[in-house]
Amino acid sequence: MKTQAGVWIDHRKAVVILVTNNGEEVRQLSSNVEKAYQPVTGPSAKQPGRPSGFVAENVAEHKEMNQLIVFYDEVLKCLQGVDSLLILGPGEAKGEFHKRLQSQRFPASSVEVETADQLTDPQITAHVRRHFTLVAGQK
């Protein structure tokens, strides 16, 4: 049997389900990403017109994206040797992660992306199992 995997991912966490001959393995990874926008108040002593603690929006977004890349690479490490992959998630993270896979030339023979709301770990596992059962039934 080929190794199959499902990843439910958003910007806060990833749940990785590996499906092998030995059963299923579930792993959770936390991103620890700091949000780009943090409102600050009060004038800065160095620049009176600018609030203290001010960080330019593009600098904050760049920092957040770099943290996400590190997070996506950690998820990729969990997927070594996977032949088929299903990526699930509610927002932009699933697409960003898919682009990261492509840029790193991820060697899976099949990668699919689906939108999915918040799911519990057992729901994610069941969804992944169902997906690969349906795919196998179509062959």
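Trainee: How many bridges join strand β4 to strand β5?
Mentor: Bear in mind that this is a predicted model. Strand β4 covers residues 84-89 and strand β5 covers residues 110-115, and the two run parallel. Within that pairing, Leu-86 has Glu-112 in β5 as its bridge partner. The count of bridges joining β4 to β5 is six.

Trainee: And what is the handedness of the β-α-β crossover from β4 to β5?
Mentor: Follow the chain out of β4: the path goes through helix α2, residues 93-103, and then into β5. A clockwise path, with the strands pointing away from the viewer, counts as right-handed. For this crossover the answer is right-handed.

Trainee: Moving to the rings, is the pair of Phe-71 and Tyr-72 stacked, edge-to-face or tilted?
Mentor: The structure holds two aromatic pairs. In the one formed by Phe-71 and Tyr-72, the centres are 5.8 Å apart and the planes make an angle of 40°. Stacked needs under 30 degrees and edge-to-face needs over 60, so the rest count as tilted. That makes the pair of Phe-71 and Tyr-72 tilted.

Trainee: Is Phe-71 buried or exposed?
Mentor: Phe-71 belongs to one aromatic cluster with Tyr-72 and Phe-97. Tyr-72 has a relative accessible area of 1% and is buried. Phe-71 has a relative accessibility of 1% and the cut-off is under 20%, so Phe-71 counts as buried.

Trainee: What about Arg-129: is this residue buried, partly exposed or exposed?
Mentor: Arg-129 sits in helix α3, residues 121-138. Its relative accessibility is 41%, between the 20% and 50% cut-offs, so Arg-129 counts as partly exposed.

Note on methods: Residues are numbered from 1 along each chain as its sequence is written. This is a predicted model: local features need pLDDT of at least 70, side-chain atom pairs count only at pLDDT 80 or more; totals for chains, interfaces and linings use all residues. Side-chain values use heavy atoms; hydrogens and water are left out. Helices (H or I, at least four residues) and strands (E, at least two) are DSSP runs, numbered from the N terminus. Buried means under 20% relative accessible area, exposed over 50%, partly exposed in between (1.4 Å probe, protein chains only). Rings of Phe, Tyr and Trp (its six-membered ring) pair if their centres lie within 6.5 Å; planes under 30 degrees apart count as stacked, over 60 as edge-to-face and the rest as tilted. Two strands pair if DSSP finds at least two bridges between them.
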